[in-house]
Amino acid sequence: MCNRATLRDLVELEELSICLLRGRRELSEALEVEDSESSWCPSPAKQDSVLTDNVNVEALEKILNEMNKEINFFLGKFAQILSERTAVDSSYIHEFDEIIKEARGIETQLKQKRESLRNRLTMIANTLQR
């Protein structure tokens with residue numbers, strides 16, 4: 001069970017890193033478009049410059065909002081995975097505690113049986129000496 005959970009976690013974390021890289025690539029492409037547009041127009045008028053800047057800012061804001069949504073989604077997914085793993089770990093701890101209690105009970109029984117056997121052997125030895 002632990003190996004399956006670990007494998008699933010690794011796959012989900014890999015998907016997270018792929019999405020983050022995709023978002024980073026989109027952001028760098030948008031910045032490159034902004035740089036190429038600004039170098040493409042040698043001397044734009046102030047209105048054109050403001051319009052281009054607004055379009056670039058809107059495009060960047062859109063990309064950042066999408067990345068923010070993806071990051072929040074994956075953070076939620078990661079929190080869910082951590083919660084599931086915590087629950088599994090908790091169940092393992094509970095199971096381990098039960099095993100230890102059972103082992104202590106068996107140990108106590110064995111000590112009692114050893115004492116009982118020692119007493120019987122002592123009684124047999126005393127009987128044979130008489």
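**A predicted chain, its surface patch and its salt bridges**

Let's start at L128: it counts as exposed, with 70% relative accessibility. The cut-off for exposed is over 50%, so L128 passes. Keep in mind that this is a predicted model.

Where does L128 sit? In helix α2, which covers residues 46-129. L128 also belongs to a nonpolar surface patch, together with L117, L121 and I124. Those residues share about 440 Å² of accessible area.

Now the whole chain. It has two helices and zero strands. There are 130 residues, and 10% of them count as buried. The chain exposes about 11200 Å². Carbon and sulfur atoms supply 59% of that area. Next, contacts. Take those between residues at least 6 apart in sequence: 90% join residues at least 24 apart.

On to charges. How many salt bridges does the structure hold? Three.

One pairs K101 with E98, at 4.0 Å from N to O. These two are three residues apart in helix α2, so about one helical turn separates them. K101 is exposed, at 56%. E98 is partly exposed, at 38%.

Another joins the side chains of K111 and E107, at 3.7 Å from N to O. Here the spacing is four residues in helix α2, again about one helical turn. K111 is partly exposed, at 45%. E107 is partly exposed too, at 42%.

Then R118 and E115. Their closest N and O atoms are 2.9 Å apart. They lie three residues apart in helix α2, so about one helical turn lies between them. R118 is partly exposed, at 45%, and E115 is partly exposed, at 36%.

Technical notes:
Residues are numbered from 1 along each chain as its sequence is written. This is a predicted model: local features need pLDDT of at least 70, side-chain atom pairs count only at pLDDT 80 or more; totals for chains, interfaces and linings use all residues. Side-chain values use heavy atoms; hydrogens and water are left out. Buried means under 20% relative accessible area, exposed over 50%, partly exposed in between (1.4 Å probe, protein chains only). Contact means heavy atoms within 4.5 Å. Accessible areas come from the Shrake-Rupley method with a 1.4 Å probe; for residues, only the protein chains shown count as cover. Patches are made of residues with over 30% relative accessible area and no salt bridge: like charges are joined within 9 Å, nonpolar side chains (Val, Leu, Ile, Met, Phe, Trp, Tyr) within 5 Å.
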